[in-house]
Amino acid sequence: MNGPANASVRSILGQTVQVDDTTLMDASITSLAPIATSDVLEVHGSRRDDGSILARYIERKTVPVTYGMRGVVGVHNTTMQTFSMGSMTVNDGGAMMNNMPMASGGNWTNRYVEVRGSCNVTPACTTFTATRVEPEGLSMSSANN
């Protein structure tokens with residue numbers, strides 16, 4: 001199905017998602033209006049310069065699922081073992097860190113990462129509990145090999 005006639009902006013897992021006429025949606029989504037905060041959606045798209053995501057495809061998922069998101073680390077608090085990604089707080093205590101530098105002094109800030117984990121979606125997810133955090137894309141060491 002094609003997207004809505006007018007552009008729309010939603011917040012999904014703390015990420016700003018823009019939907020426009022080019023956005024495709026699976027057959028179970030007839031409109032954005034009935035999507036509840038407890039619905040689980042998979043969004044594919046491209047990151048824009050302002051940090052938002054321009055959605056290209058949206059699919060409804062059934063629980064249980066492993067949540068995942070990619071984005072830029074905002075404020076990283078090593079004492080609290082949390083960081084922000086968009087408006088989402090990510091708890092990284094106990095998460096497996098694949099190829100991430102030792103967290104100290106905010107050195108994760110502005111890194112583009114992929115996070116996998118869980119989220120309590122009732123009534124809406126406000127804290128994401130990470131089970132894995134890893135850099136997204138090539139690192140400088142990978143680019144030199």
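Val115, in this predicted model, is in contact with ten residues when its neighbours within four places in sequence are set aside: Tyr67, Gly68, Met69, Phe83, Met85, Val90, Phe128, Ala130, Arg132 and Val133. Several of these names return in the description of the largest nonpolar core, which has 19 residues. Within that core, the residues with the most contacts are Leu13, Met69, Phe83, Val90, Val115, Phe128 and Val133. Two or more core residues come from each of the strands β6 (67-72), β8, β9 (88-91), β11 and β12.

Phe83 belongs to strand β8 (residues 82-85), while Trp108 sits in the loop between β10 (96-97) and β11 (112-119), so the pair ties together parts that are 25 residues apart in sequence. Both Phe83 and Trp108 are buried.

Strand β12 spans residues 127-135 and contains Thr129. Is Thr129 buried, partly exposed or exposed? Its relative accessible area is 35%, and Thr129 is therefore partly exposed, because the partly exposed class runs between the buried limit of under 20% and the exposed limit of over 50%. Not counting residues up to four places away in sequence, Thr129 touches Asn91, Arg116, Gly117 and Ser118. Another residue to look at here is Asp92: the C-alpha atoms of Thr129 and Asp92 are 6.6 Å apart in space, although the two residues are 37 apart in sequence.

The chain as a whole can now be set around these details. It has 12 strands and 1 helix. Of the contacts in the chain with a separation of 6 or more, 54% are between residues 24 or more positions apart. The chain has 145 residues, and 31% of them count as buried. Its accessible surface comes to about 8,500 Å², and carbon and sulfur atoms account for 51% of that area.

How values were computed. Residues are numbered from 1 along each chain as its sequence is written. This is a predicted model: local features need pLDDT of at least 70, side-chain atom pairs count only at pLDDT 80 or more; totals for chains, interfaces and linings use all residues. Side-chain values use heavy atoms; hydrogens and water are left out. Helices (H or I, at least four residues) and strands (E, at least two) are DSSP runs, numbered from the N terminus. Buried means under 20% relative accessible area, exposed over 50%, partly exposed in between (1.4 Å probe, protein chains only). Contact means heavy atoms within 4.5 Å. A nonpolar core is a set of buried Ala, Val, Leu, Ile, Met, Phe, Trp, Tyr and Cys residues joined through side-chain atoms within 4.5 Å. Accessible areas come from the Shrake-Rupley method with a 1.4 Å probe; for residues, only the protein chains shown count as cover.
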